[in-house]
Structure formats: structure tokens, C-alpha cells
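Hi,

Here is the structure I promised to send over.

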Amino acid sequence: MDNVTRLASQRAVVIFSRSSCCFCYSVKSLFHELGVNAAVHELDEDPRGAEMERALVKLLGRRSPVPAVFIGGKLVGSTDKIMTLHLGGNLVPQLMAAGALWL
């Protein structure tokens with residue numbers, strides 16, 4: 001199992017990010033405001049960041065792989081997917097199903 005998949009399955013919500021990325025900041029802020037304690041892996045601060053970024057590029061099929069959000073060990077997507085789920089009222093139920101949020 002590659003490092004990204006292993007890390008993504010260790011917590012209910014896992015975000016792969018870059019510390020200087022404004023989209024990453026927005027996604028991390030949203031989860032924080034919802035009360036979700038997400039595991040955040042800053043690729044530019046992790047010694048294995050370049051390796052994880054290559055794995056995410058393969059997994060996502062795009063050059064800019066961050067932010068990459070996993071909920072319940074499954075890849076959900078990037079900013080656009082997270083915001084669409086949230087605005088449509090589907091993010092909170094998904095977080096609750098994964099055990100990341102209790103209301």
C-alpha cells in the first residue's frame with residue numbers, strides 16, 4: 001500500500017495540502033469551522049512530500065493535486081468537489097457517516 005493510501009485511511013478526514021495554497025487554506029478552514037479535526041499533511045513541509053505529491057498526481061490525474069481530501073479513507077476530491085458537497089447539504093452527512101462529525 002502506498003504512503004498516501006495508508007495515511008488517508010488512518011483518520012476520518014485527511015487533507016493533503018501545501019502551506020502556501022489559498023485553495024488548501026479555504027478547505028482546511030471549512031473543515032475547522034465545521035468542527036472536524038482533520039489530519040493535514042503539508043506536502044511542502046513533509047520530507048516525503050514530493051513522493052506523496054507524485055502519488056496524488058497519479059491518483060487524481062492532474063498536475064496540481066492539492067488540496068486532496070479523503071473522507072472515510074475514500075478520495076472525495078479537491079476544492080470544487082468539497083464546496084459543491086457543502087453547498088448542496090451533502091458534506092455534513094458524509095462527515096457524520098465517516099465518524100468525523102457528531103451533531
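Which residue forms a salt bridge with Arg18, and how far apart are the closest N and O atoms? The partner is Glu53, and the closest N and O atoms are 2.6 Å apart. Arg18 sits in the loop between strand E1 (13-17) and helix H2 (22-34), while Glu53 belongs to helix H3 (residues 49-60), so this pair ties together parts that are 35 residues apart in sequence. Arg18 itself is partly exposed, at a relative accessible area of 28%. Do keep in mind that this is a predicted model.

The salt-bridge count comes to three. Arg48 counts as partly exposed at 35% relative accessibility, whereas Asp46 is buried at 18%.

On charges in general, the chain has 11 positive and 9 negative ones, and their mean positions are 6 Å apart.

Now the overall fold. You'll find five helices and four strands, and reading along the sequence gives α-β-α-β-α-β-β-α-α. The radius of gyration is 13 Å, which agrees with the value near 13 Å that a compact globule of 103 residues would have. The C-alpha atoms fill a box of roughly 35 × 30 × 25 Å along the principal axes. Of the contacts between residues at least 6 apart in sequence, 60% join residues at least 24 apart.

As for the surface, the chain exposes about 5900 Å², with carbon and sulfur atoms supplying 54% of that. Buried residues account for 43% of the 103.

One more spot to look at is Thr79, which is in helix H4 (residues 79-87). Is Thr79 buried or exposed? Thr79 counts as buried, because its relative accessibility is 13%. Beyond its neighbours within four places in sequence, Thr79 is in contact with Phe23, Val27 and Pro67.

Cheers

Definitions and conventions. Residues numbered from 1 in each chain as written. Predicted model: local features only at pLDDT ≥ 70, side-chain atom pairs only at ≥ 80, totals over all residues. Heavy atoms only, no water. Helix = DSSP H or I, 4+ residues; strand = E, 2+ residues; numbered from the N terminus. Rg over C-alpha atoms; globule rule 2.2 N^0.38 Å. Buried < 20%, exposed > 50% of the residue type's maximum accessible area, 1.4 Å probe, protein only. Contact = heavy atoms within 4.5 Å. Areas by Shrake-Rupley, 256 points an atom, 1.4 Å probe, with all protein chains shown as cover. Lys, Arg positive; Asp, Glu negative; His and termini not counted. Charge placed at Lys NZ, Arg CZ, Asp CG, Glu CD. Salt bridge = Lys/Arg side-chain N within 4 Å of Asp/Glu carboxyl O.
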